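The sequence and structure are shown below.

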Amino acid sequence: MVIKLFFPSCCLEAESGLLIGRWIPEQNAAVVLAIIHYPFIPGQVKQCLQQIRAVTNVDVSVLGTWNSHKSRAKEDLGQFLEDLSSIFPHDLWFQLTQGKERKSVFDYEVLQKGNKNNKKNVILIHYDQRKVMLSKLHPLDTEIPEDDNHAGVMSEVLTSDFATIFDTVAKCELFFVIDKYDETVIKFTHWQSEGREASVVVELLKQASVPACVVLSFLLSFISSICKSRVLNIWPLCFLWSKLSTCVQLAHRLDHLQTISMTAKAQSHSEFMRKANLFVSFLIDVALGLLLISWLYEKNRIGQLADALVPVADHVAKELQELLEWLMGAPAGLKMNKALDEVLGRFFLYHIHLWISYIHLMSPFIEMILWYVGLAACLGLTVALSIVSDIIALLTFHIYCFYVYGARLYCLKIYGLSSLWRLFRGKKWNVLRQRVDSCSYDLDQLFIGTLLFTILLFLLPTTALYYLVFTLLRLVVVVIQGLIHLFVDFVNSLPLYALGLRLCRPYRLAAGVKFKVFQMVTDKPLHLLMQINPLTYGMIIRYYRLPTYSCYPKDSWTTLCQKLFLGELIYPWKRKTEKQD
């Protein structure tokens, strides 16, 4: 039986005393957490261990003794160390003796019911206690099966044998808050025994965060109650709020702020990381928004943008007018139906003239509108980009109208031709059973059907050409809006705090451990050094990616192409109602 003894590197300079830790029989491993110095009273040690067990729910006990090289008379301590095994009974009793020349190499004895085990069956593993306590070991490809209660939740049960080691060190944080400056009867050696690691700035921020969260939570609840009022949720307004990207993004950020401002302490590591990622993401988003504001107002770029907006809109309208005049002739040498071509061309030209008049009517107020819209960037870069997406949608509303008109007319003819084609074959669509059934038609029905089929067939190329052109224009606008939505979605979902930990303190997010030979000396036990393998950046994004309101289309590419061919309207900007992880 090979016994693994995990020994903290910070205890190599400890004075002689008792090894305090936990024995894990399932893994034949012992984890040393601290060393209690001589002199001590056994009754006080037992009382202290009972208190620690009650608080941490970890079976902490005395594993053995530690004999430091600093002790002057080690020969006199030998019998005393063996007698301690009767005072603190344990299945296995470790007696570690530090060498004189090499402090990191020490000999040992393992007593079990008065018998000494073979020394070759024990492996001494040195570990950094601070890193192990502050790190979080993550499961690798371990998931709970999807059911009603645990749908897509990552399993908390880790299959790694070292998860128990990490969990033991993390739960025994009570050990590590006692340093040499505390007036306690029992003196410990651990990674904070020389003084607790803390920051004055961090402690002040912790004290100030509680009242700040209370005030912020009150303000957010007030804003949320206003947004949910009946006045703002009547049909036209609620429909408009759901279509504007700015309103959706503001609601998303409001949900984030409500999560951050919760005064309750995070109950798990995942909840803490989610709050931290949301907080850092919000801060960076606001910082980028303030940089955008400073750039826009630095050299009156708002005025330059307003002056360039009207000429650009006129240029786009002029190009559309020339495109319609080209379609009203003989586009690419194609022979169109002249009457229908003239009607459609004049109809769309009239809309363009209305749009130009609207733009020139709004031109005196555009600079003021852009000035106030630019101030909205203080809410974050994602809010500013959402406003840009909505402005693009408003400026290209005439293109959207052209697409809807062309699609509806083209779809009407496609479904009319398909229905009349079934008439020629003696078929009809059964609405109740949702299938095609046989049907007998009389001569008058066949004659009218033939006449209508011929008319729709010869008018289809003209309608299809207008539909094709305006669909391509609409797709250009949709692609631009889609790229903006993808960038906003990327910023909202990026776990910036976890990525910062991976960059600055990679041991905080552990994927596993690795070992290397620490010391190899003849006639001495094998000494290994345990090191932490950090998570890769891809795994961090996989584990800690924030939930977002996805703007991806629900349909596949095949369904999308089918809808385009049949003339059905597509809404690729439509957002899902549920959060996507």
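## Strand pairing around β8

Two strands count as paired if DSSP finds at least two bridges between them. The model is predicted. In it, β1 (residues 3–8) runs parallel to β8, and six bridges join the two strands.

In soluble globular proteins, nonpolar side chains tend to be buried together. The largest nonpolar core of this model holds 41 residues, and Leu 18, Val 45 and Phe 175 have the most contacts inside it. Elements giving two or more residues to this core include β2 (17–24), β3 (29–37), α1 (42–56), β8 (122–127) and β14. The most comes from β3, with five residues.

Leaving aside residues up to four places away in sequence, Phe 175 touches Ile 20, Leu 33, Ala 34, Leu 49, Ile 52, Val 60, Phe 188 and His 190. Another core, of 21 residues, lies apart from the largest one; Phe 7, Leu 12, Leu 96 and Val 110 are among its members.

## Thr 536

Thr 536 sits in the loop between β14 (526–534) and α15 (537–544). Its relative accessibility is 41%, and therefore Thr 536 counts as partly exposed. Thr 536 and Leu 509 are 27 residues apart in sequence, and their C-alpha atoms are 9.2 Å apart in space.

Conventions: Residues numbered from 1 in each chain as written. Predicted model: local features only at pLDDT ≥ 70, side-chain atom pairs only at ≥ 80, totals over all residues. Heavy atoms only, no water. Helix = DSSP H or I, 4+ residues; strand = E, 2+ residues; numbered from the N terminus. Buried < 20%, exposed > 50% of the residue type's maximum accessible area, 1.4 Å probe, protein only. Core = buried A, V, L, I, M, F, W, Y, C linked by side-chain atoms within 4.5 Å. Contact = heavy atoms within 4.5 Å.
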